[in-house]
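Subject: Structure handover, aromatic rings

Hello,

Here is the structure for you to look at. Please open it before you read on.

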Amino acid sequence: MKFSLFYEMQIAGPTRATEAQLFRDCVEQVMLADELGYHCIWEVEHHGLYEYSHSSAPEVFLSFVAALTKKVRIGHGVTLLPHRYNHPIRIAERIATLDILSGGRVSWGTGKSSSLVEQIAFENDLKTLHDQWLEAIEMIPRMWSSDVFSHDGRFFRIPPTQVVPKPVQQPHPPIFAACSKPESAVAVGRLGLGALNFAVGTDDYLHQKVDDYRRAVASAKPVGRETNDWFACTPATLVLDDDVEACRHGYRGARFFSESLARYYLSGTRPIGRLDVPRDFMSDAELRDAMAARNRGGVGVIVGDPVAARETVSRFADIGVDELILVMQMGTVPHELVMRSIRTFAERVIPHF
């Protein structure tokens, strides 16, 4: 199993000063992760998701940290493909350039966003978002493998064009797609793509999702030049030596993360301004209940001391997950605790796997 870090660039109650500091803090976290041997840094692309995600230009952040690191992979998790967000030629160019400059370290995740904030701000045709994504993801690997590329499709008509540069990874960087629902994991598998998932539900739910994905990818007709059979999850994570301290801050952060996500993705509205979500510490009773639920099992979060973390990671491993993309940078968790968690997890959890 591989262990990576996931960045939404969350901040509870941002100002211009704290927002700028957040970016500097995340750079410091990434440099520590590279030093400690984490597998990949995954960075989202979101627009206008105030407090929940201030990562609107991941290609800039990832290029910056690629220049400061040596080993850690550089992951887009994900690039928005519908053409109102990004034209496929521009994506192909940016990913290839980053792959060259990083020495072949890019992992490329794709998606379309299910937030009305982004969809409407960019004047998307909501009825065709999936079809736009599908056409673009079929085009871009051909841009990387063709000396001269042309396309005549439903959404794109591109005359013969030399799309340069080409990536250094052969046949191209591994391709992933976001898939939140079981049926979308199957659809992603049929396309021969790696699966990027939020860690939600019971062990049985996730086990079934992984199994269904494996069956689908086994008979895939890949859109790229090779099949990527790789299942990753993004659990909210905080691991510290002190179990209670980790749970107090970790469950607070996980609640802020999940409640903010729900406002933007599940409410059917376009929130503006400060989010109406809980951001205080849990009461003592709530914290006891959360810790008790953790001790009974489950794979939603990895929060607690190293012993508790190893137990939860073991369940992910038994289920068949290939990579845990740990969400340590959560809006209410101080930078100093994130740094401690990155080191504690690397030194006292990863070696067991």
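Below are notes on its aromatic rings.

This is a predicted model: local features need pLDDT of at least 70, side-chain atom pairs count only at pLDDT 80 or more, and totals for chains, interfaces and linings use all residues. Residues are numbered from 1 along each chain as its sequence is written, and side-chain values use heavy atoms, with hydrogens and water left out.

The structure has eleven aromatic pairs. Rings of Phe, Tyr and Trp (its six-membered ring) pair if their centres lie within 6.5 Å; planes under 30 degrees apart are stacked, over 60 edge-to-face, the rest tilted.

Tyr7 is in strand 1 (residues 2-7) and Phe61 in helix 2 (residues 58-68), so the pair ties together parts 54 residues apart in sequence. Helices (H or I, at least four residues) and strands (E, at least two) are DSSP runs, numbered from the N terminus. Tyr7 is buried at 2% relative accessible area. Phe61 is buried too, at 6%. Buried means under 20%, exposed over 50%, partly exposed in between (1.4 Å probe, protein chains only).

Phe198 and Phe257 have ring centres 6.1 Å apart and planes at 65 degrees, so this pair is edge-to-face. Phe198 is partly exposed at 32%. Phe257 is buried at 7%. Ring pairs link both into a cluster with Tyr52, Tyr264 and Tyr265.

Best regards
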